[in-house]
Structures are given as C-alpha cells and as structure tokens.
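Hello,

Here is the structure I promised to pass along. My notes on what turned up in it follow below.

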Amino acid sequence: MSLFDQPPGESVSVLLPSGAPGPFDYANGGHDLKRGDIVAVPLGRREVLGVVWGSGTGEVAPERLKAVSERFEVPSLPPVLTDFVDWMAGYVIAPKGAVLSLCLRGGDALVPPRTKTLYRRGALEPVRTTPQRQRSLQAAADGMARAPAEFAELAGVGVSAVKGLIEAGALEPIEVPVYGAPPCPEPDYARVTLSEAQRTAADAMIASLGTFSATLLDGVTGSGKTETYFEAVAAVVREGGQVLILLPEIALTVQFMERFEARFGCRPTEWHSDVKSTDRSRAWRQVALGDARVVVGARSALFLPYPDLRLIIADEEHDAAYKQEDGVIYNARDMAVMRARMGHCPVVLASATPSLESWANAEQGRYRHLTLPARFGPAVLPTIELVDLRRDKPPSQRFLSPALEGAIEETIARKEQALLFLNRRGYAPLNICQSCGHRIACPNCSAWLVEHRFRAKLACHHCGFERPKPRECEKCHAVNAIASSGPGVERIAEEVMQLWPEARVAIASSDVLHGPKQTQEALERMAEGGIDILIGTQIVAKGHNFPNLTLVGVVDADLGLSGGDPRARERTFQLLHQVAGRAGRHAKPGRALLQTHQPEDRLMQAIAAGDRDRFLKLEATDRERLGFPPYGRFAALILSSADEAAIEAYADALARAAPRAEGATVWGPAPALMARLRGRTRLRFLVKTTRNFRIQDFVREWIAACPPPNKVRLAVDVDPQSFI
Ligand code: ADP
Ligand code: ZN
C-alpha cells in the first residue's frame, strides 16, 4: 500500500515525552507500528520523539493527519513499561507524557547510526598487489573485523592502501552494533558461605522468583543483607534474566559497584544522573536488548526498558532519597513494588530500619518478612547511651558534653577512631545580632542564612544565595555584634581541633566533598585509618564500613524532632540508628553516645534499648489513631507563584471548589514547608482520606473544577513525605 491511500484505520496515537497533553493522532506513514514503538513525528515545524501508544482515536480527520516520519531501529518499549507509565501517571496525577519522558533518558541511544561499518578479509583477491596491500592482507588474515584506520595501524601502512583493498573487494564490509554487549556477571565468581539465617533468607528469595511478591529483608546493619540478596541476584543471572538493584543515593553506588565486582567478577550496568551521556546511551540500549543483566542505579533506573526483568531490589528502602520531589513527584520504592507486580516478579525491600509503611505491611502479612537478627561474624551491635544535655552540659560556647569529650579522649588514646555526627552543614545555622536580636535571613526563601566560615560566606541552603557576613547589623547598625549561633560541622571541627590539636581531623559534608568520587576518597581514607576523628553530616550515615571506628557521637540527637511531624520522628529514629550502627562493625566492640535534651522521649528510650519494634509499634498506634499513613492517605497540593495576589486568589478559589466526600478532609491553604522558596510564595493544601478512598479521583476532580491560572504553578504530591 502506498503512503497516499491509507484507510482511516491506519492511524496511531503517539505519546510525546513532555508535560503536554496527549497522545496525538498521526498517520502511520507506511510503517508497521505497534504500541511501544519509538518514532519521530512532526510537531509544528519540528521533528520530535514519541512513542506509539495505541491505535488512533479518530478525532482528527484522516486528510488532516500528519504522518509518523520515522520508526527508530531500537527495541520497542516493552508492554509492561508502557502499561506501567499509564498506571503511574494515574497514581501520581501527572501527565502521561511526563512519566514517559522518564523512560527515554537514553540520549543518543535512539539516534542513528546505531551500527558502524567494519571490514574483514573478503573472498576476492586483489588484482594488483603492492607491499602495503600485502601487509594489510596479512593483518586481516586473522578474520577479525576492524575499522580501516585500525588495519592501517596494525599493518604500518597508510589508510589509502586499506581503502584500495576495500574497493577491490579484498576486504568486505560488515555492520556491527556500536554498542556491544556488556560482560555478564558470573554467579559463582566469588561465592560466600552464608550463615544459617542468611541461607534461609536467600533460599526464600530464590524460591519467590517467577511471580510477584514483596519481601521485607529486615536485618541489623552488618547482618549481611547485601551478601544474602546477592544469592537471589546470582540465581536470576544464572537463568538469563535481568535484575534491578535500586540504591537511594548516587554516592552509595561507587562503593557498591566495587563490591558487586568482587562478588560477580565484573561491574554491573550503572544508571543514574551522574553517568556520562555516552555511557547512558550504551546502558539504555544494552538494557533494551536484554544484554545488561544487572543494573545498579538510583530511582530513574526503574524506568529503563527491561524486556525480561525478574527481580527488583530496593536497598535502604526506608530512605527519603527515594522520593523524587521535582517534576513528576513519586516514591521510587513504592513505584518499584508496582513495577514488580505488573512484571510478575518479586521485589525485595532491604533495610535495618524499615519504613513504618513496609514494616506494617510485613506485620500484617502483605509482605513476606525475612529477618537477619545478628551481625555477621564476631561483630556485635554497639552499646548506645544517652547523654542528658540538661545535666551533662557542655562548657559555654561549646557543644561536646564532658561525657562525650571523655569518650573521644579514650578512643583516640586507644588508637581507635571516632565519628561525630551532626546533620548540619557549615559553621553556624544562625547569625543573630547581640544588641537587637535581628536574625539574618535569605531574601528569597523563608530560611536563615547559614554561616560557612571556610568560605567566609553566609549562604542559603535552599536557593544558593550568598553574601559576606556583615560587620554591622542591618537593622540596628550595631558594629561587630553579629554572633554565630548553634553549631554546624565546621564549628564542631574547630572545637575538636582545639581539644586535640594532635589528632587528624576531617569534615565530611557536601560543602567539603564534591561529588561521589571525592566522598568515596575521604571515606576510604577513614576506612584505612588516615583520620582519627571524622565529623560528618548524613553523608557518613550509611553504607560505609570503618573497621577501626569504635565511637560514634551524635552531637544533637534532637535535631529534626521539633516540628511535631510523626514522619520526622520516624526519620530521626532511622538516622540515629543508622549512624550509631557505624560503630563496631568489626572485631572491636562499638559505643554510641547520643546527646539529647529529651532522654525520656520514647524514641530516645527505644534507641538506647535497641528496641526498634517497640518504637514502631507505638508510632503505628499513634498513626492509626490519627488516621495517618499507612492507616489513611494523604495528598498535597502545592501552589507556588511569584505573584502574591494571584496565588492568594487561586488558593481562595480552590478552597471553595474542594469537593465534599465522606472519608476525605481538606486542610489549608497553609504556608508550605518552605513558605518562600527562590522568591516564590508557596501554599499547601493537604487532603487526608481513609485508607481505601480513591484519593486520586478526588484530587483530579478538584483540579478539573478549578485549574490553576497561568501565573500559579500547581504540583500534586500523592503520599507526601511530611504529614503536617
Ligand atoms: P548489611 O547489608 O546487612 O549491612 P553486609 O552485606 O554489608 O551487611 O555485610 C556486612 C559485612 O559482613 C560485609 O563486610 C560482608 O562482606 C560481610 N559478610 C556478611 N555475610 C557474610 C558471609 N556469609 N560470608 C562472609 N562475609 C560476610
Ligand atoms: Zn534562599
């Protein structure tokens, strides 16, 4: 059939990877097209990328349809992925195209040429031979395919001699893929002997392959969760399937890649936003072809076009970094569970401090619960002690209590290492005028400026605004009255260096360490014993093994507890547990001291007693009483605008338009967590519903009744992280 006489039924709908509405109808342009095919289509005067989503809707008259211009020679997106996009767009209330764009981040993977031409010895003998030609033919005698320049180099001749042989047919062209297959992990490369508990857990995971199930792999830090799920990875690789291992942060991948290589003999395919674009293109293609067998990546790795995904692992499943907060707002851990369900494969959520959601699912039998109760080998869990800052006060303008100071002293005297944890970058979180009480704030955000003494700047951690620290108060003009208030890691380092001038001290925070590589180097220096006292933010909390680290001091265990948000309590518990768990990972026993003003709080009590489940039970009871997740559901609507009047008017209109439904309550508008951010005002509505309420339908109906005006941006956050 020619291009010009297609019957009307030959149109297709094409979804474009953008936030625009769609899909749109196109004529098939003579291509044989099915759902998932990646195509180029005209849009206005441009050619854009799109994915065939189904047959045409018939909404556009056939004679007015534009035609698909090209079908890319790459594997189509697998049906499970296109179905997943449809489902996820509905769940997170985002345009389908915006979700689709997450699947098409392979860059040049789609762009021809996807093969390159190489040459090898052909059947014909050249009519005319020269010494150069002869040498080239000798080089080709091994039958290997090479580029002309490679032959020339090998034979020590000019490229023109090689070209002559090609013209004569003595070297024949073959097309080879630009990207070859990556090495395949070897399941038995370096097997370990599992402990009995590990073996039981590994066997259960292996037995679960082949159908959907969700498993919580719940083991204390150092219990060997990674070694254990590696056995399930090995089982899938042995059978030729694909595995996805999700990690919450890019910083964790560096060490993980090495660990994987030590176990499986080669690196897995890496996927996250820091991977170079050529490597991304290659990885995308290798995944699409099924050649990449194990992918290790951050949340975006969930959207790769796996044709044969048979196992998903989400390590550190409780980690807040699984939540994508910009653009399409989603929690990759939750999406991974659904992706596994749709792909009929198991998902394993691993953590020492599971999220309350996953823990409750395991308690109620919806998830399989596998536990590894003890550290592997001789290592034991550290003892955790609370330091009551009300009684054991640090000296004025200092932040280490006598108890913590004494413990550090003993530790370094034994030539062991100490880690001081404070989740605050910079020198001081607040700068206050001593004479009038004025606090220096960011002009663009509702945030105080943080002092960074090494850089001699006051900085906003939200928008990046910076200024020098003023000599004079801008309010009362008092001179030299601006005082630093409270500690950041730089200030703790200053205190430590005054107390132990001989000690080797280092800071680990994102201001000092730029990128995963530098972070890795610093942490390796710590692991090798090149640092006596490490002072770090949350980047030291997870994933790293320091054999000689026996003391962890938490400078301010109460940080993060002030707002009264139940989720903040859960996060604090996880973080403190994780940080304390850095101590004593090897033969020497560890100790953790937590400085707190509220040692009687049940969170502190549970941490000190090592009774995680008691804490989770009590928190769960509270959540249930309040109808908070996982016993109820939330969705947040976040409005933002640079125009105060426009946002106020829209918030009023939205408040009036809120649907009424039994089981749903609307709170707001209230100032959002950051009421001003980058110069924009932010307001938030919160919808709270009962557990089985169709919260997405409610929100969609609401927005449809009252869509945002141009000047106001509206973002929907289903299952928001914070509850207040
Ligand atoms: P987790 O992921 O639970 O924190 P890991 O898997 O990192 O624990 O294990 C902690 C340490 O113990 C690692 O150094 C790991 O190699 C080692 N380990 C765990 N299980 C075994 C085993 N069965 N044989 C040998 N070493 C093990
Ligand atoms: Zn700011």
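Lining the largest cavity are E249, A251, L252, T519, Q538, I539, K542 and H544 (a cavity is a set of points on a 1 Å grid over the protein atoms alone where a 1.4 Å probe fits but cannot get out, and lining residues have an atom within 4 Å of a point). This is a predicted model, where local features need pLDDT of at least 70, side-chain atom pairs count only at pLDDT 80 or more, and totals for chains, interfaces and linings use all residues. Residues are numbered from 1 along each chain as its sequence is written, and side-chain values use heavy atoms, without hydrogens and water.

The largest cavity holds about 60 Å³ of space, taken as the space filled by probe spheres set on the points. Because domain 3 (196–372) and domain 4 (383–424 + 487–620) both contribute lining residues, this cavity lies between them; the bounds come from an automatic or database domain assignment. In total there are 4 cavities of 30 Å³ or more.

Now for the cores. The largest nonpolar core has 56 residues, and M88, W284 and I312 have the most contacts inside it (such a core is a set of buried Ala, Val, Leu, Ile, Met, Phe, Trp, Tyr and Cys residues joined through side-chain atoms within 4.5 Å; buried means under 20% relative accessible area with a 1.4 Å probe, protein chains only). At least three of its residues come from each of domain 1 (3–101) and domain 3 (196–372). A second, separate core of 38 residues includes A508, L513, F546 and Y631.

Best wishes

Terms used. Chains lettered and ligands numbered in written order. 1 Å grid on protein atoms, 1.4 Å probe; cavity = no way out; pocket = protein on both sides within 12 Å on 5 of 7 lines; lining within 4 Å. Buried < 20%, exposed > 50% of the residue type's maximum accessible area, 1.4 Å probe, protein only.
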